[in-house]
Each structure stands twice: as structure tokens, then as C-alpha cells.
Amino acid sequence: MAHAETTPIISIVIPVYNTEKYIKECLDSIFNQTFKAFEVVVVNDGSTDGSIDIVNTFIERYPNQIRCISQDNHGMSIARRTGILAARGEYIAGVDSDDYLAPTYLEVLYNGVKANNAQVAFCSLTWFTGDCILKINRKKRKVLKNDAKEVFYYQMGPKFGLKAIFEKVVYAENLNYGEDGSIAFQLALLVGKKVHFEKQPLYFYRIHPESYSRSIGEDKLLSYLRQAINGHESILTFLKQQGIFDQNKTLFYTRMEESLLHVIRKAREQ
């Protein structure tokens, strides 16, 4: 395995905005990985709490393996793009600062991508809150013959893949809600069937009161609808840049319709 001082194989990109309660657990899980040839690129998206103070303690401990880029608040999507553009690794692993990884996450996904000649990969998720596991999602919903369009249309966005692929994605300004899905949809169209799915639940996805996907009340409804539209504007820009809008027009409109209806249904449930 390569040493930390060499050019990393994987760049772990972590957008951070006011997650001082969780960022230590996230970073601890990263530096406990069995795969060691990685760097960590933290993007401080205008945090106002103590998140970056905690990040700095890791920079002191691992000065050759983690760095922090600070910017004004532009939302998770732009923060992720900032980290991807600054990454030195051949592969990108995206991690949210309130989540954490199983120790073999990098090793298993990297080996899976290499063994299957894939360009992106994702794994099953463990949803949790505090010390309680809520659900383990092992489903590749609507997957037919490992077709990436089917995988990424329904599954939470992939977290691992070639940097060269992630650089082609259009990232939306001030996008927090639906950011995973916007990126995933674009990646699906870029990689075709070159996708690897790992059944092991190696990514731990935190459910808490601040989670965007869990609370859409009437007071937030219009804001979430605007973000959903914003995310689809980035997808539309991507489709036109790639010259593939006409053949994916129906898929695009169906996805946008379902996304907007999902926001409205979630608001009604509150």
C-alpha cells in the first residue's frame, strides 16, 4: 500500500457547514480506513461554529494527508465541486461531514471498481440516529442488468468514482436539498453500465433533526421547491453541454416531476 506522503490514489472530499457535533466521528472513521493511500480535502463552506477548529486538530496530527479550503457559503454542491477540483487523487470519495464510514469502505469500493472495470461505485447504506440503527438499505431499486441509468435514477447518489468523471458534472449554486440526486443522475448518463454496486452496508448515513431530507414543513416548502428546480437546472445545463438532451428528455421531465411531487408530499406529512 502506498504511503501517505506519495500522490494519493483516492481523494476524500468533505463539504463542512456547521457540523461540530459530528465532524470528529466522520474524520476518525476516515483515518481508521484499511486503505491508506488517500488524502482528505475538507471544504469549509462558511461555517460559523467550531467545526474547523476540530478539523485543524486533524491537520496537526496528519499534516501530509488532510487540508482545508475555506470559502463563503455557496451550498453543498458548490463546496463539493471546490474539493473535487482541488483533489490530487485519481478517484474521488465523497463523504458528508455528519456521516461516517466502515473501516473497509475505501478498500472494498476501490477493489470493486478495479475488478469490474467500473468508473463509479456505490454501496448499501446504514441509516442511523445516535447509537440506534434505523434501517439498512441493500436495495438496488429497479436495477436491470447493472444499467447505471436505472441504478442512479432511484438510488442515493454514488460516493466513489473517477475524478475525471466527477469533473464533468454541473454543480448547482446554493443547492443542499437533492444535491446527491442531481449528481447521481448526471453520473449515470456519463458512465453507462460501468458501475459497481457493493451489497455491504459500508456507509453510515445519519438521520437527525437538521437533515434536509427529513423535515419539509410548510414554512420551508417554497425553499425546497426552489432547490429542487435549481438542481434540475444544473441537470438541464449538463444535458445540453453533453449534447444528449433530446434522447433523455422524457427521463429528465419524469425525474423533475417526481422530485417536485416528492417535496410536496413530504410537506403534507409534517
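Predicted model: local features only at pLDDT ≥ 70, side-chain atom pairs only at ≥ 80, totals over all residues.
Residues are numbered from 1 along each chain as its sequence is written. Local features need pLDDT of at least 70 and side-chain atom pairs count only at pLDDT 80 or more, while totals for chains, interfaces and linings use all residues; side-chain values use heavy atoms, without hydrogens and water.

User: Why are helix α7 and helix α8 called roughly parallel?
Analyst: Helix α7 (residues 179-191) and helix α8 (residues 221-241) pack at an angle of about 20°. Angles under 35 degrees count as roughly parallel, so α7 is roughly parallel to α8.

User: Why are α8 and α9 called roughly antiparallel?
Analyst: The angle between α8 and helix α9 (residues 245-269) is about 170°, and their axes are 10 Å apart. Angles over 145 degrees count as roughly antiparallel, and α8 and α9 are therefore described that way.

User: Which residues make the contact of α8 with α9?
Analyst: Contact means heavy atoms within 4.5 Å. Among the residues that meet this are Leu221, Tyr224 and Leu225 of α8 and Phe245, Asn248 and Phe252 of α9. By class, this contact has 15 nonpolar, 3 polar and 2 charged residues.

User: What makes strand β2 mostly covered?
Analyst: In β2 (residues 38-45), 8 of its 8 residues are buried, and buried means under 20% relative accessible area with a 1.4 Å probe, protein chains only. Phe38, Val40, Val42 and Asn44 point one way, and Glu39, Val41, Val43 and Asp45 the other.

User: How do you know that strand β1 pairs with β2?
Analyst: Two strands pair if DSSP finds at least two bridges between them. Strand β1 (residues 10-16) is joined to β2 by 7 bridges, and the two run parallel.

Terms used
Axes fitted to C-alpha atoms, helices over the stretch in contact; angles between N-to-C directions. Helix = DSSP H or I, 4+ residues; strand = E, 2+ residues; numbered from the N terminus. Parallel < 35°, antiparallel > 145°, perpendicular 65-115°, else oblique. Nonpolar A, V, L, I, M, F, W, Y, C, P; charged D, E, K, R; others polar. Buried < 20%, exposed > 50% of the residue type's maximum accessible area, 1.4 Å probe, protein only.
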